[in-house]
Amino acid sequence: MKNLYFLLAILIQSLAFSQDNPDNIVDNQDQEISQADKLAKQLQNPVASLISVPFQGNFDFGIGTENGSRMTLNIQPVIPLSISEHWNLIGRVILPVISQHNAYGNSGSQFGLSDAVVSGFFSPKEPTSNGIIWGAGPVLLVPTATDDLLGTEKFGMGPTVVILKQAGKFTIGALANHIWSVAGSDNRADVNNTFLQPFIAKNIKGGYSITLNTELTQNWDADATSGSLHLVGAKVFSIGKQLTQFAIGPRIPYGNANTADWGFRAMLVLLFPKG
């Protein structure tokens, strides 16, 4: 009988606890969703005050006459620094790690680093009166490639700029740069390239988002155009205490210098919000 009373007491206590805490559970879930939504929106802004480390994988297949393939893992940390009361400096590095096979005809396999692209955006901490967010600064091409077929063997520099507007659930904008080579191997072609990335994104409650963008590189000296169109779905979530975003979607090639048949993009982003 005493055991029965003891079990009843535990049951009553458990029921009381479950009735007292649903609101707390719901509040915690709402807070997590709210934070995920905020982070998803910040991730649409290349000059947001958010430390992030994206690992962006681009997979291309059916390249050229030998049906080659390429996997490019872009390691691209973004670190914002407050440099005054009204201005931030956002540092961004893109370091590609490439594994490719017959990407240039019967060229065999290569694996290693490609050239790094280092950008610095000086950006106002607050949008303009019209809600425009922008940043501008220098961009550097650093010859870090470990194989002749993975890089340019050139050091380059030029300007970069980003401009966007966020209204409600939508973000629309564009990022661009132009790089001229200023030093490097005399046996390699000069770099005179323009990069353009227009984008539009919609955030969906729960930390979800969907983004449409194109990434276009124009080599003016060679009259070569290489572009990819991406439609990517993403979700912000936690792995233990680590805030993370995962994204995936098709990668559609175009341009006379992009000879791939098809591809896809998959990305994992580690997030380090302030506070």
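This is a predicted model: local features need pLDDT of at least 70, side-chain atom pairs count only at pLDDT 80 or more; totals for chains, interfaces and linings use all residues.
Residues are numbered from 1 along each chain as its sequence is written, and side-chain values use heavy atoms, with hydrogens and water left out.

I then asked which side chain meets that of Asp60 in a salt bridge, a term I use for a side-chain nitrogen of Lys or Arg within 4 Å of a carboxyl oxygen of Asp or Glu. I found Arg251, at 2.7 Å from N to O. Arg251 lies in strand 13 (residues 242-254) and Asp60 in strand 1 (residues 51-63), so the pair ties together parts that are 191 residues apart in sequence; strands (E, at least two residues) and helices (H or I, at least four) are DSSP runs numbered from the N terminus. Arg251 is buried as well, with a relative accessible area of 13%.

I looked next at Glu215 and Arg265, whose side chains meet in a salt bridge at 3.0 Å, N to O. Because Glu215 lies in strand 11 (residues 208-219) and Arg265 in strand 14 (residues 262-272), this pair ties together parts that are 50 residues apart in sequence. Glu215 is buried at 17% relative accessibility, and Arg265 is buried at 4%.

I also checked Asp190, which forms a salt bridge with Lys154, their closest N and O atoms being 3.3 Å apart. Asp190 sits in the loop between strand 9 (170-184) and strand 10 (192-204), and Lys154 in strand 8 (residues 154-167), so parts that are 36 residues apart in sequence are tied together. Is Asp190 buried or partly exposed? I read 48% relative accessibility for Asp190, which counts as partly exposed, whereas Lys154, at 5%, counts as buried.

Asn102, in the loop between strand 4 (87-101) and strand 5 (109-113), has a phi near 50°, a positive value in a residue other than glycine, and is buried with a relative accessible area of 9%. Asp223, in the loop between strand 11 and strand 12 (224-239), has a positive phi of about 50° although it is not a glycine, and is exposed with a relative accessible area of 57%.

Key. Buried means under 20% relative accessible area, exposed over 50%, partly exposed in between (1.4 Å probe, protein chains only).
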